[in-house]
Amino acid sequence: MGLTIIVPRAWRTIDKVKSQLFPRRKATIPPAAWIGELMERRMGAVILCQPCIWKYGDWIKRLGYAKHPDIRSKGGRCDGCKQSYDLLPVLIAEEKRGRAEVTRAAMDAEHRRRLCPVPEGFTG
Amino acid sequence: MQAVKRLDGSSDYHILDYKLSATVVEGQPVIASATGADGGEITDATTTSLLDMLGIVLGASGLASPRSVGLAGSLTYSATQGDTEGMVRVIVNPDAIIRALMSGGAAAGTALVLLSNTAASAGGTLITDADVGTASMDDGIVWCISGANVGQSRKITTFTSATSITVTVPFRRAIAVSDEFLQAPYLPLTTRAIQLTTNLLEANAIIAVGTGGNATVVEVILNGRSDSYVHFIARDHIFNELS
């Protein structure tokens, strides 16, 4: 039998609070099949509330999703818990970004350049 | 294309799922299905029609291959029993402002035509170059990217096919030979139509002013030949129909 060293976890107050707010998935509940289908097969964008983002964090990381910095769903329903919220973050597969992707920061840079619309390094 | 904000300045959108009648890619505009034979609720817009536009596709992934998120970048429907139903998320706000890259041709990614002035204009109102083309840019916009007037834009008020363009409000300084300009058929509030590139992801900027699908230009971002954008709003949205 291999040697097992158990390091006791130091539970901070915030950990205890989080554990009460967002309990971990029970062993009897399958791990996020619906979210997995949404992310893997159907949608390049999922809408999740903050507790579900925490809950499905492993899927989000593994499938390369990330919150869009600007776009939010107004009056949408969480794909995970099906609860309606006033505003919800939209998660988009990172590899899908590029061609159509733009952030407010990028548009701010464009507007600054509008005063002199020649791109840097422009040689005509 | 991408929705960048709404008319109230926010970027909080109403996002809904719809059944597909066609293959779509993320960032393209979709319209309501009008044909009874269609298998779903939305279908592709066309390059020249945005009639009953619903909105912009916000993420779509391959249906057939389970692990293909982001690889194909498209989503289609299936008529095979047992397949997952083809659905797509769409930003449906009628007041969503949509941003499209200006393309210098029907194919996406084409640089805008560069105008190099061939005759000096002391009054700063006439730009002469055969490269202005034959598609009328009257009521479009012209902006200077090289020369004494760099950074200035003006509304085009007279267009002479394959010869010149004239502005009523003069550029601040004389226009010299070889000064360089770009032109586009878009003027905020005036332009009421936009034609799309064949992949439906960019705006074809070498067509005549007023040609294309129903859209009202809100703003133009005038930069270089490959990084200028037009922001527009659907003029015939399915939830706010023109006709």
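Predicted model: local features only at pLDDT ≥ 70, side-chain atom pairs only at ≥ 80, totals over all residues.
Select Leu3(A), Ile5(A) and Val7(A), which together make a nonpolar surface patch of about 410 Å². Is Ile5(A) buried or exposed? Ile5(A) has a relative accessible area of 69%, so it counts as exposed.

**Stop two: a loop in chain A.** Move on to the loop between strand E2 (65–74) and strand E3 (87–93) of chain A, where Lys82(A) sits. Lys82(A) is not a glycine, yet its phi is positive, at about 65°. With 44% relative accessibility, Lys82(A) is partly exposed.

**Stop three: a loop in chain B.** Next, pick Ser178(B), in the loop between strand E15 (164–167) and strand E16 (180–184) of chain B. Ser178(B) is not a glycine either, and has a positive phi of about 80°. Its relative accessible area is 45%, which makes Ser178(B) partly exposed.

**Stop four: a sheet in chain B.** Which strands form the open sheet in chain B, and in what order? Follow E3-E9-E7-E5-E6: these five strands pair in the antiparallel sense. At the edges are strand E3 (15–19) and strand E6 (42–44) of chain B, each pairing on one side only. From one strand to the next, the twist averages 50°.

To finish, zoom in on strand E7 (residues 53–57) and strand E9 (residues 87–91) of chain B, an antiparallel pair with two bridges. Select Ile56(B), then look across to its bridge partner in E9(B), Ile91(B).

Notes
Residues numbered from 1 in each chain as written. Chains lettered and ligands numbered in written order. Heavy atoms only, no water. Patch = residues over 30% accessible without salt bridge, like charges linked within 9 Å, V, L, I, M, F, W, Y side chains within 5 Å. Areas by Shrake-Rupley, 256 points an atom, 1.4 Å probe, with all protein chains shown as cover. Salt bridge = Lys/Arg side-chain N within 4 Å of Asp/Glu carboxyl O. Buried < 20%, exposed > 50% of the residue type's maximum accessible area, 1.4 Å probe, protein only. Helix = DSSP H or I, 4+ residues; strand = E, 2+ residues; numbered from the N terminus. Pairing = 2+ DSSP bridges. Axes fitted to C-alpha atoms, helices over the stretch in contact; angles between N-to-C directions.
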